[in-house]
Amino acid sequence: MSVEALALPVIEPSVAAGVQIFVATEAHYRHADRICSLIARAAAARGTGIAKRQPAYIRGKMAEGKAVIALSLQQEVAGFCYIETWDHGKYAANSGLIVAPQFRRMGLARRIKRQAFELSRERYPNAKLFGITTSLPVMKINSELGYKPVTFSELTSDNIFWQGCQSCPNYDVLTRMKRKMCLCTGMLYDPEAES
Ligand SMILES: CC(C)(COP(=O)(O)OP(=O)(O)OC[C@H]1O[C@@H](n2cnc3c(N)ncnc32)[C@H](O)[C@@H]1OP(=O)(O)O)[C@@H](O)C(=O)NCCC(=O)NCCS
């Protein structure tokens with residue numbers, strides 16, 4: 001799929017549950033508060049592995065075309081994910097994955113992650129894609145996309161990425177382990193290894 005095609009709002013109609021997936025734009029700013037509250041609630045429910053985000057940050061990702069949003073026919077937020085880059089574009093991460101509780105177990109996270117992956121590959125073809133997660137569904141989906149489990153030494157050393165973990169209750173573990181390991185599993189898609 002070309003970058004031009006990705007710039008079109010509708011990427012893929014999801015027959016299941018009538019959910020559509022879009023590359024988010026300024027038109028989706030009004031959903032930023034809802035996305036943050038979904039992330040905050042999921043963080044409270046799981047107690048681990050989810051960094052909280054502010055609406056302004058989410059809107060910034062939408063403005064840059066670095067976010068994927070899933071909306072129901074009633075224009076409710078069904079899910080969201082965004083791209084971040086690190087080490088001057090050497091690494092890119094798909095972060096902030098959230099699916100609203102009423103839309104879970106319908107394959108929506110898989111669709112959102114695939115679209116975020118394709119968007120990342122289009123925009124940053126040479127970047128290593130990575131994520132850190134405690135989530136079994138996310139590990140499954142990443143594996144399907146070609147990610148491999150790695151130690152944190154293979155991931156970005158950019159301080160700002162790791163500072164994003166500060167709102168995680170396990171941040172003390174990460175710092176105690178000198179960022180070498182934590183409760184999350186690191187997963188990496190290396191385009192060179194795949195070519
Ligand atoms: C994790 C999350 C994104 C999954 O979303 P989802 O749309 O329900 O996931 P999918 O329906 O695409 O499922 C993908 C796979 O994971 C499995 N899965 C989904 N939820 C699961 C759960 N709670 N336990 C075990 N497996 C699960 C599915 O069965 C599917 O695997 P399969 O095809 O082999 O059956 C969603 O539960 C969520 O938003 N949780 C809170 C936020 C979060 O944890 N984000 C990830 C931070 S790294």
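Leaving aside its neighbours within four places in sequence, which residues is V68 in contact with? I looked this up in a predicted model, where local features need pLDDT of at least 70, side-chain atom pairs count only at pLDDT 80 or more, and totals for chains, interfaces and linings use all residues. Residues are numbered from 1 along each chain as its sequence is written.

Entry 1: I found V68 in contact (C-beta atoms, placed from the backbone, within 7 Å) with I21, V23, A24, C81, I112, Q115, A116 and L119.

Entry 2: In helix α5 (136–145), I noted V138, I141 and N142 as buried (20 or more other C-beta atoms within 10 Å of the residue's own; 12 or fewer is exposed). These buried residues fall within an arc of 100° seen down the axis, so they line one face of α5. The face turned away carries the exposed L136, S143 and E144. Among what covers the buried residues of α5 are β5, α4, β6 and β8. After α5 comes G146, with a positive phi near 105°.

**Entry 3: α4 against α5.** I checked the axes (lines fitted to C-alpha atoms over the stretch in contact): those of α4 and α5 come within 10 Å and cross at roughly 45°. A109, R110, K113, R114 and F117 in α4 meet P137, I141 and L145 in α5.

Definitions and conventions
Contact = placed C-beta atoms within 7 Å. Helix = DSSP H or I, 4+ residues; strand = E, 2+ residues; numbered from the N terminus. Arc of directions from axis to C-beta. Axes fitted to C-alpha atoms, helices over the stretch in contact; angles between N-to-C directions.
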